[in-house]
Amino acid sequence: MADTSSIKGDLRLSNITKTYGDFTAVNDLSLTIPEGSFFALLGPSGCGKTTTLRMVAGLEEPTKGTISLGNTDITYTKPYQRPINTVFQNYALFPHLSIFENIAFGLRRRGIKDVKPQVEKALELVELSHLAGRKPTQLSGGQQQRIALARAIVNRPALLLLDEPLGALDLKLRRQMQIELKWIQKEVGLTFVHVTHDQEEAMTMADTIAVMNEGEIEQLGSPADLYDNPKTAFVANFLGQSNLIKGTISGNDGDNHIVDLFGQKISLAKNRSHAVDNSILAGIRPEKFRISRLETATSGNLLTGGKIEDVSYIGVSTQYQVLMPWGQELMVFEQNDDAVAPFSVGENVNISWESGFTFALRGDEDAEAGMEVEPEEIIDEDE
Amino acid sequence: MKMSKSGISSPRTPYLLLLPGIGFLFTFFIWPIANLAQTSTQTPVAGGDTGSYEQTLRWRNYIDAFVENKEQFGRSFLYASLATILALAIAYPLAYAIAFKAGKLKNVLLVLVVAPFFTSFLLRTIAWKQILGEQGFVVPTLRSLHIIAPSTTLTSSAFAVVAGMTYNFLPFMTLPLYASIDRIDPRTLEASGDLYANGFTTFRKVTFPLSLPGVVAGTLLTFIPAAGDYVNAAILGSPETKMIGNVIDSRFFKIVDYPTAAALSFTLMAAILVLVTVYIRKAGTEELV
């Protein structure tokens, strides 16, 4: 086998386009993934994230553009000549081989004679040393997942690709594996590129997230950046939930804009606005809102004239739907940790929040973009 | 009370369901086999008519029959092996292409594989006689390309017999191979490529081992009937290509030597059984899932 160990460095996708007939799966995508990072490609089914991953793995050829690893162009390199390994969505373990032989597969193909120490170390890393002699079908889903990970990691690739690796596991196991994967990535120090439709999974694990939609990257940044200051309605709605209210910039006050929301004035930091003109969508995350009874003093931004429409108690918090005078229902998550008596349906209330939490999007955006997608329900990925 | 009558089956039901099958097998398999077994040790009635035999428990019939026909036995297993290997070589790429590359044509191709069954086995074999005959296109083409000498003919040869058998048993090889290749998850092949295996290594280490159940089933379905076949040798062969099936045929119906024919039948059955058992053991313990 060709020696691929010298190829390493940042992964660079330049102007990658992939079309199938009339359908554009990935559209002029450029992206740099730094060596050693845990990078997530996040997006709904059909957004092109799996296609992107398959092009990096060499399982698909881009229609246009180049892929390079460090200084080496790998756009048309065969998968078996790339120092890249993949953890496949349904693991794709070899059913005819033992767990030991599954993990040893890559090492043997590269002509390594004594595979035992490395395979045993990989098994130890995923804590399944006692299963070395079994066949894949004798393992549970969670165990198969770990073996798939061990089979890839044992090769010490320059890049490890994870294609919805936790998609088939139940919620509790998934949460546990998220923490473990993060730990393993730190332990082995490899570059991980993780594809998922689960925003919580991406936020838990990744250093950097690229949110993809319709073959393009909507926004790229750290989980906190994306959540606190989304650039588009799609990101605001796909990553957590957002209240987006139509408004107009009506004046300035130092570093802040004065914004008119259906006749009520609020303030917005200028550097948190992605609007291009005076028409904006003001965004506030539901947990940033505070509900107050009419006579209570508040600080920061204030919207008056609300009426409680619905109350759902979910343990750590209570979720309220508050109907505003202009007919929009706002979502409010209140922690159940203060002395304020819970609000009941029909109560007239005001809503307030720290003005620093406000973000603003372009006013011509679809306020519901990214909302119709219910990420947890998508099981099958874009094929 | 009503429930037990209408809903819950009685413990006798499984036996009742088995009855037609057992009855059929007993009448048309076990009884004739027993009959054949007792025929195999008979000897001619002294001074009796042709075809009248009596039971004398003469086990030497087996040895005599085998020694007399060991050449035909050898030929049967040789031809059957050749036909099986050729059928495997032709059917494997075909089944692989249908399973992985055919796309929308998959079902059409499967129908085409089975299509020869719509014509009688005999007719198809006779057609091969035409194809390989002096008037067919094969012989003149091969002669003009100097692949065979001008005097060489293809009919009435071992070549024709093996070719006929290969053709006739091809669907029996293709279908189980297809079934088992089609079940392979293409992602395991992608995983193999991802783990530094090139195309050939992927075939050797992943595709072929995973298709082994189909290979075993296909080779058995081809080899077993081919070893006992007599139609191909009768129509496409010559006295020099006689197989054991032809010997049994002529002993039974022409020479009316029932004991020898019966002894040969049992010897053939035993030989196939032993070969198949060894084969399954070998294939089974190594890589069969």
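1. Domain bounds here come from an automatic or database domain assignment. On that basis, chain A of this predicted model splits into domain 1, residues 11-228, and domain 2, residues 233-362. The centres of the two domains of chain A, taken over C-alpha atoms, are 39 Å apart.

2. Next, the contact between the domains. On the domain 1 side of chain A, 8 residues take part; on the domain 2 side of chain A, 5 residues do. Three elements of chain A each give two or more residues to the domain 1 side: strand S9 (208-213), strand S10 (216-221) and helix H7 (223-228). By type, the domain 1 side of chain A that touches domain 2 has 4 nonpolar, 3 polar and 1 charged residues.

3. Chain A has an open sheet of 5 strands, ordered S13-S12-S11-S14-S20, with antiparallel pairing. Strand S13 (264-269) and strand S20 (359-362) of chain A are the edges; each pairs on one side only. Neighbouring strands of this sheet are turned by 45° against each other on average, direction ignored.

4. Strand S11 (243-253) and strand S14 (279-284) of chain A run antiparallel and are joined over 6 bridges. Look at Ile245(A): its bridge partner in S14(A) is Ala282(A).

5. In soluble globular proteins, nonpolar side chains tend to be buried together.

6. Which residues is Val193(A) in contact with, leaving aside its neighbours within four places in sequence? They are Ile33(A), Phe39(A), Leu41(A), Leu53(A), Val56(A), Leu159(A) and Leu161(A).

7. Last, the contact between the chains. Chain A and chain B each bring 17 residues to the contact. On the chain A side, strand S6 (84-87) and helix H2 (99-109) are the elements giving two or more residues. H2(A) supplies the largest share, 3 residues. The chain A side that touches chain B divides into 10 nonpolar, 5 polar and 2 charged residues.

Note on methods
Residues are numbered from 1 along each chain as its sequence is written. Chains are lettered from A and ligands numbered from 1 in the order in which they are written. This is a predicted model: local features need pLDDT of at least 70, side-chain atom pairs count only at pLDDT 80 or more; totals for chains, interfaces and linings use all residues. Two residues are in contact if their C-beta atoms, placed from the backbone, lie within 7 Å. Helices (H or I, at least four residues) and strands (E, at least two) are DSSP runs, numbered from the N terminus. Ala, Val, Leu, Ile, Met, Phe, Trp, Tyr, Cys and Pro count as nonpolar, Asp, Glu, Lys and Arg as charged, and the others, Gly among them, as polar. Two strands pair if DSSP finds at least two bridges between them. Axes are lines fitted to C-alpha atoms, for helices over the stretch in contact, and angles run from 0 to 180 degrees between N-to-C directions.
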